[in-house]
Amino acid sequence: MSAVNAIARALPIPAGAGLARTLVERNARAFRHGWVTLVSGVFEPVFYLFSLGVGLGALIGDVDAGGGRMIEYAAYVAPAMMAAAAMNGAVFDSTFNLFFKLKYAKLYDSVLATPLGPRDVAVGEISWALLRGLLYSTTFLVVAAAAGVVHSWWALLALPAASLIGLAFAAIGMSVTTYLRSWQDFDYIQLALLPMFLFSATFYPLSTYDESVRWVVQVTPLYHGVAMMRDLMLGDVAWGILAHVAYLVVMGLAGLLFAARRIERLLLR
Amino acid sequence: MISAHRLTKRFGEFTAVDAIDVEVRRGEAFGFLGPNGAGKSSTMRMIGCVSPPTDGSLRILGLDPATDGPAIRARLGVVPQRDTLDEELTVRENILVYGRYFGLSRAHVRAKADELLEFAQLTERANSVVEPLSGGMKRRLTIARSLVNDPELLLLDEPTTGLDPQARHVLWDRLFRLKRSGVTLVLTTHYMDEAEQLCDRLVVMDGGRIVAEGSPRELIALHSTREVLELRFAADDHAPYAAKVTDLAERVEVLPDRLLLYTDDGDATAAAVQRRGLQPLSVLARRSTLEDVFLHLTGRTLVD
Ligand SMILES: Nc1ncnc2c1ncn2[C@@H]1O[C@H](COP(=O)(O)OP(=O)(O)OP(=O)(O)O)[C@@H](O)[C@H]1O
Ligand SMILES: [Mg+2]
């Protein structure tokens, strides 16, 4: 967890004490009392893989993975499911859970009375979301490998890649959550997530779209997550992947800072 | 310990704390007394470094909250007005986890938790979840939790509000012990008896300002008389009776349900009232309290 503290210290604003790990510890303890949510996080992408990849894949047959290389549809869609699961898990953790702690449990009122600052809260909560995400993505990767749809050792890098997607979405999710007033407002989040899930070149290649609309897809974060993940899991790695990584890193760090600022604004009045 | 100069807190246009000056010395018990909305909690939150002052200067433990917030908070214990216990954790875990927020080692907080559970008389409930605890137990747990880092300065915002009399006395006893062990206490309260019992020095706040300052004795001596005679008449309006006794006391206050006669000898004044042929329903001579001081200073009662 020293990496967490290093991140916490490296960010200039707002205040923190480098104790974000203690919040992760707190969440782990609370989690022991309610581990059921874990199950859905683990199984959701697995279900998608089998229904869409294997089931639908039987109708579709092999697809062109780029450059004329033909692979079975399940192998094509698996990376996208992993990326989408990383997004969903991170968003769920950083929106529902955070909203509850912020508005009802008033958890941070007591946390901020200790040396911890808003930055620690942001870093701690996002780290926790990432840890859970890592559990989900590891399970998924194991299942996907067992199902024979993973074709390259590069796929091991899919785990940190999933964490990166998680970071980007958890940070944004947290920032957005600080603006929500009631549970109804969560519908807006779903409204943003669903089209992204469906249209981010998840189920078919970007080239399916007309040139004139491709840029719309390319500015959304999940597109970069899916593209990065697909390159890794299909072993199709080139320098271009760094563009996706950079996009997600910037989104994650900017979101983290912004979330910390918002928490400061909300709670330290 | 605390040094505030023209300390001000505004929420938008509204001024909750209006340029107050406060000095708290090491080892003393200092009180903020005042009615609802006086600005007590706003002041406490500024001292607790969770609310930046709008204006004025504030130094706590010789440090500036604006730049040294975490360092100051590491040495404070905070009991907020409303309990902010972690309902997802057990009683014991609440103390453990809170201690970890201070960067204390696991071994240290484990030992500390046992000691504090004992102190708060919650050892039997250590593994219970927090939610079903009674109000008094939750309050004791909040106080126990605030002591996990052995604070030099303990901030208590209405520590005993909502507790039954017995629970209040247990708490007072605990606070006395802390004070004897050298902890500086800063507390807010609505209750005069609490302030008289616990505070070496206090300020009376009203509408964001400090209207009086001193030890409980001094304040009573300065703003009230030694004794007070309370008279209740069988009438809806007590004002007409006030005119008939005004010369018998230094001062007469008219409350909706009674008259207060400020005098140095309550029994003698009571006798004089009888001689006038007035027939009050009830007569009570009592020692003067901070409530009387407050009434005199603001023209209002603190509670009820
Ligand atoms: N976050 C806030 N935003 C706007 N106004 C606030 C805020 N916090 C407090 N106030 C206002 O400031 C005033 C002082 O509030 P404060 O809580 O400090 O009073 P108090 O003396 O603690 O009262 P009580 O005895 O009821 O706890 C009140 O009028 C309150 O409405
Ligand atoms: Mg208050």
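Which residue forms a salt bridge with B:Arg201? The partner is B:Glu28, with the closest N and O atoms 2.9 Å apart; a salt bridge is a side-chain nitrogen of Lys or Arg within 4 Å of a carboxyl oxygen of Asp or Glu.

## Basis of the model

This is a predicted model, in which local features need pLDDT of at least 70, side-chain atom pairs count only at pLDDT 80 or more, and totals for chains, interfaces and linings use all residues. Residues are numbered from 1 along each chain as its sequence is written, chains are lettered from A and ligands numbered from 1 in the order in which they are written, and side-chain values use heavy atoms, without hydrogens and water.

B:Glu28 lies in the loop between strand 2 and strand 3 of chain B and B:Arg201 in strand 8 (residues 201-206), so their pair ties together parts 173 residues apart in sequence (helices, H or I of at least four residues, and strands, E of at least two, are DSSP runs numbered from the N terminus). B:Glu28 counts as buried at 8% relative accessibility, and B:Arg201 counts as buried at 15% (buried means under 20% relative accessible area, exposed over 50%, partly exposed in between, with a 1.4 Å probe and protein chains only).

B:Glu152 forms a salt bridge with B:Arg26, the closest N and O atoms being 3.4 Å apart. B:Glu152 is partly exposed at 24%, and B:Arg26 is exposed at 55%.

## Helix 11 of chain B

Seven of the nine residues of helix 11 (residues 290-298) are buried, so this helix is largely enclosed by the rest of the structure. Just after helix 11, B:Gly299 takes a positive phi of about 75°.
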